[in-house]
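These are my notebook entries on a single structure. I set down what I looked up, entry by entry.

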Amino acid sequence: MSNSIRPLDDHYRSPPCTFRALASVESFPGGLHEFCAGDGILAATAADILGCGNVAASTIGDLTGKKTYFPVAGNQDFLQRKELIKPNLFSNPPYGRLHGERVGKARAATTIIRHAIDLLTAAGPIGGKLICLLDLRYLLSEDRNLDGGLFIDHPPARVHAFMDRITMYPAAFEGKTTRGKQSFAWFVWEWPFLRPGHVPPLRRACTAKRSFTRPTRNGSI
């Protein structure tokens with residue numbers, strides 16, 4: 001992710017190839033709503049695959065006079081939404097800014113994800129999946145893997161990680177692009193969203209202060 005011109009709304013354009021890859025491994029019965037759509041480039045890609053009638057898009061930003069790749073409803077705060085437009089939700093949500101305020105530890109994304117899960121849970125049988133494009137490091141945070149964290153309450157059903165690196169540029173970026181450096185993945189939540197038994201990632205057992213001990217001949221230390 002390029003931070004040279006970090007936008008106030010954390011709007012980074014997602015490469016269309018990321019959704020095409022997702023569509024090769026997931027299905028979306030009833031259609032999709034991209035709820036943090038920005039200029040709609042991912043929604044346009046989804047519509048190209050699924051048909052325009054199966055895709056809806058909205059964003060919190062004011063799109064007056066701005067170019068979009070798909071019809072996007074502007075000035076729509078997803079956190080205020082009370083019901084679904086389409087059974088399945090997907091997006092590349094903002095990480096570090098929520099309503100224009102800077103928040104740490106990707107809590108903007110976590111707040112949005114929790115609201116999406118609440119919407120899908122309340123919808124019951126008509127609810128579908130929540131699918132978010134996130135930095136793969138999002139999976140390993142203490143903030144989300146300790147008691148009360150997102151992954152303890154709602155671990156994803158699947159994580160589709162990209163082997164190749166992806167770079168996301170601010171929507172206004174017009175410079176020379178470079179080869180990607182960060183690892184991203186599609187995180188998929190589906191019913192039941194409350195999945196007990198989640199095992200948090202391993203933590204190293206040694207401490208930083210422990211000195212190295214040369215192994216003995218039998219291999220013990």
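With which residue does D143 form a salt bridge? I found that the partner is R107, the closest N and O atoms being 3.3 Å apart. I counted as a salt bridge a side-chain nitrogen of Lys or Arg within 4 Å of a carboxyl oxygen of Asp or Glu. D143 lies in helix α4 (residues 142-145) and R107 in helix α3 (residues 107-123), so the pair ties together parts that are 36 residues apart in sequence. Helices (H or I, at least four residues) and strands (E, at least two) are DSSP runs, numbered from the N terminus.

Basis of the entries. I worked from a predicted model, in which local features need pLDDT of at least 70, side-chain atom pairs count only at pLDDT 80 or more, and totals for chains, interfaces and linings use all residues. Residues are numbered from 1 along each chain as its sequence is written, and side-chain values use heavy atoms, with hydrogens and water left out.

Entry on accessibility. I took buried as under 20% relative accessible area, exposed as over 50% and partly exposed as in between (1.4 Å probe, protein chains only). D143 is partly exposed at 30%, and R107 is partly exposed at 37%.

Entry on the other salt bridges. The structure holds seven salt bridges. I looked up R158 next: the side chain of R158 meets that of E26 in a salt bridge of 2.7 Å, N to O. R158 lies in strand β8 (residues 158-161) and E26 in the loop between α1 (16-23) and β2 (32-34), so this pair ties together parts that are 132 residues apart in sequence. R158 is partly exposed, with a relative accessible area of 28%, whereas E26 is buried at 8%.

R158 also meets E190 in a salt bridge, at 2.8 Å, N to O. E190 lies in the segment after β10 and R158 in strand β8, so here the parts tied together are 32 residues apart in sequence. I noted E190 as partly exposed, at 23% relative accessibility. A network of salt bridges links E26, K129, R158 and E190.

Entry on α1. Which residues of α1 are buried? They are T18, F19 and L22. Seen down the axis of α1, they fall within an arc of 95 degrees, so they line one face of the helix. The arc is that of the directions from the helix axis to the C-beta atoms. An α-helix has 3.6 residues a turn, so residues three or four places apart point the same way. I then looked up the cover over the buried residues of α1, with contact meaning heavy atoms within 4.5 Å. The cover includes β2, α2 (41-50), β4 (88-91), β7 (130-135), β8 and β10.

Entry on the strands. I examined β4 and found both of its faces covered: N88 and F90 on one side and L89 and S91 on the other are all buried. In a regular strand the side chains alternate between the two faces of the sheet. Two strands pair if DSSP finds at least two bridges between them. β2 and β4 pair in the parallel sense over three bridges, and E34 has F90 of β4 as its bridge partner. β4 and β7 also run parallel and are joined by three bridges; here F90 has I131 of β7 as its bridge partner.

Entry on the cores. A nonpolar core is a set of buried Ala, Val, Leu, Ile, Met, Phe, Trp, Tyr and Cys residues joined through side-chain atoms within 4.5 Å. The largest has 25 residues, and those with the most contacts inside it are I113, L130, L134, Y138 and W189. At least two residues of this core come from each of α3, β7, α5 (150-153) and β10. The largest share, eight residues, comes from α3. I listed the contacts of L130 beyond its neighbours within four places in sequence; among them are F35, L89, I113, F187 and W189. Apart from this core lies another, of 22 residues, including L42, A46, I131 and F184.

Entry on two loop residues. Is Q182 buried or exposed? I recorded Q182 as buried, at 17% relative accessibility. Q182 is placed in the loop between β9 (169-170) and β10 (184-189). Its side chain is joined to that of D135 by a polar contact of 3.0 Å. A polar contact is a pair of N or O atoms within 3.5 Å; within protein, one must be able to donate a hydrogen and the other to accept it, and residues adjacent in sequence count only if both atoms are side-chain atoms.

K82, in the loop between β3 (55-57) and β4, is exposed at 69% relative accessibility.
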